[in-house]
Amino acid sequence: MWKRATSSLKSLLSFHITQEGSKLNNAFHCHRFISGSPLHFQEKDVVSPKHMDSVITFVLGGPGSGKGTQCARIVETFGFKHLSAGDLLRKEMVSDSEYGAMILETIREGRIVPSAVTVRLILREMQYGDNRKFLIDGFPRSEENRIAFEHITGTEPDFVLFFDCPEEEMVKRVLSRNQGRIDDNIDTIKKRLKVFEALNLPVIDHYARRGRLHRINAVGTEDEIFEQVRPVFAACEQTAA
């Protein structure tokens, strides 16, 4: 299952990704989602990977499904680099970048930040360090996200984890975690769960059809859940070796 992509990560990033938040403005205007139609990309926006030896795993699940906790265990056990789309957006939100205020308002409303912004933030982080094994947590949250990522990078994830958790359990966990996040309140949680059901489930169905999805029962103790996760990564490491 480890997919050997065909692009150097530095080459992939050098043309499109910069450190300055203002560059996200250009990225946003290059990728528009109009009236539910597919994304329209200009030729210069599509980057084809070349001889990149990276492993990309998407980690999906509703708010409070335990994705972050399990990602920490995966990092510790299998040496992946954890990239949380939500954390990256919150970090950008409090920065002085042009899109900070837009991200703040979007998250407050429980809506999804434009795909181009999120993809650029993720790719910007992927360039740091020598680790080529990535857990991309909380992304893609919509078909728009998925299409944007695949068009920009020219590749798909090697596999996708979906932490399947009942709504009442997710609400209970979010309200009890007390992390001081602006979106950890009952009204926003309900909005986020509605958005998740409407937009994230089609992504999950897509990767299930592609044979890349691993569905994890996210009810139980941290150890019990990780015992479902461990064989997925152990099998892939064995295949790679």
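Buried means under 20% relative accessible area, exposed means over 50%, and partly exposed lies in between (1.4 Å probe, protein chains only). Cysteine 165 is buried by this rule, with a relative accessible area of 8%. Cysteine 71 is buried too, at 0%. A search of the whole structure finds 0 disulfides, a disulfide being a pair of cysteine sulfur atoms within 2.5 Å.

This is a predicted model, in which local features need pLDDT of at least 70, side-chain atom pairs count only at pLDDT 80 or more, and totals for chains, interfaces and linings use all residues. Residues are numbered from 1 along each chain as its sequence is written, and side-chain values use heavy atoms, with hydrogens and water left out.

## Salt bridges

A salt bridge is a side-chain nitrogen of Lys or Arg within 4 Å of a carboxyl oxygen of Asp or Glu. The whole structure holds 13 salt bridges. The table lists some of them.

| Pair | Closest N to O distance |
|---|---|
| Arginine 73 and aspartate 223 | 2.9 Å |

Take the pair of arginine 73 and aspartate 223, with closest N and O atoms 2.9 Å apart. Arginine 73 lies in helix H3 (residues 67-78) and aspartate 223 in helix H10 (residues 222-240), so this pair ties together parts 150 residues apart in sequence. Helices (H or I, at least four residues) and strands (E, at least two) are DSSP runs, numbered from the N terminus. Arginine 73 is buried at 16% relative accessibility. Aspartate 223 is partly exposed at 46%. A network of salt bridges links Arg73, Glu222 and Asp223.

Arginine 212 sits in the loop between helix H9 (186-209) and strand S5 (213-217), and glutamate 156 in the loop between H7 and strand S4 (159-164), so the pair ties together parts that are 56 residues apart in sequence. Both partners are buried: arginine 212 has a relative accessible area of 15%, and glutamate 156 has 16%.

Aspartate 164 is partly exposed, at 32%. Arginine 215 is partly exposed as well, at 49%.

## The annotated binding site

UniProt, in an unreviewed entry, places the feature "binding site" at ten positions that include Ile112 and Phe139, as well as Arg90, Arg111, Val113, Gly138, Pro140, Arg141, Arg181 and Arg192. UniProt positions follow the numbering used here, feature names are shortened, and annotations may be inferred rather than shown by experiment.

Isoleucine 112 is found in the loop between helix H5 (100-108) and helix H6 (115-126). Isoleucine 112 is partly exposed, with a relative accessible area of 22%. Contact means heavy atoms within 4.5 Å. Not counting residues up to four places away in sequence, isoleucine 112 touches Thr106, Arg141, Ser142, Asn145, Val195 and Leu199.

Is phenylalanine 139 buried or exposed? Phenylalanine 139 is buried, at 0% relative accessibility. This residue is placed in the loop between strand S3 (133-137) and helix H7 (143-153). Neighbours within four places in sequence aside, phenylalanine 139 is in contact with Phe58, Val59, Leu60, Ala85, Thr118, Val119, Ile122, Asn145 and Phe149.
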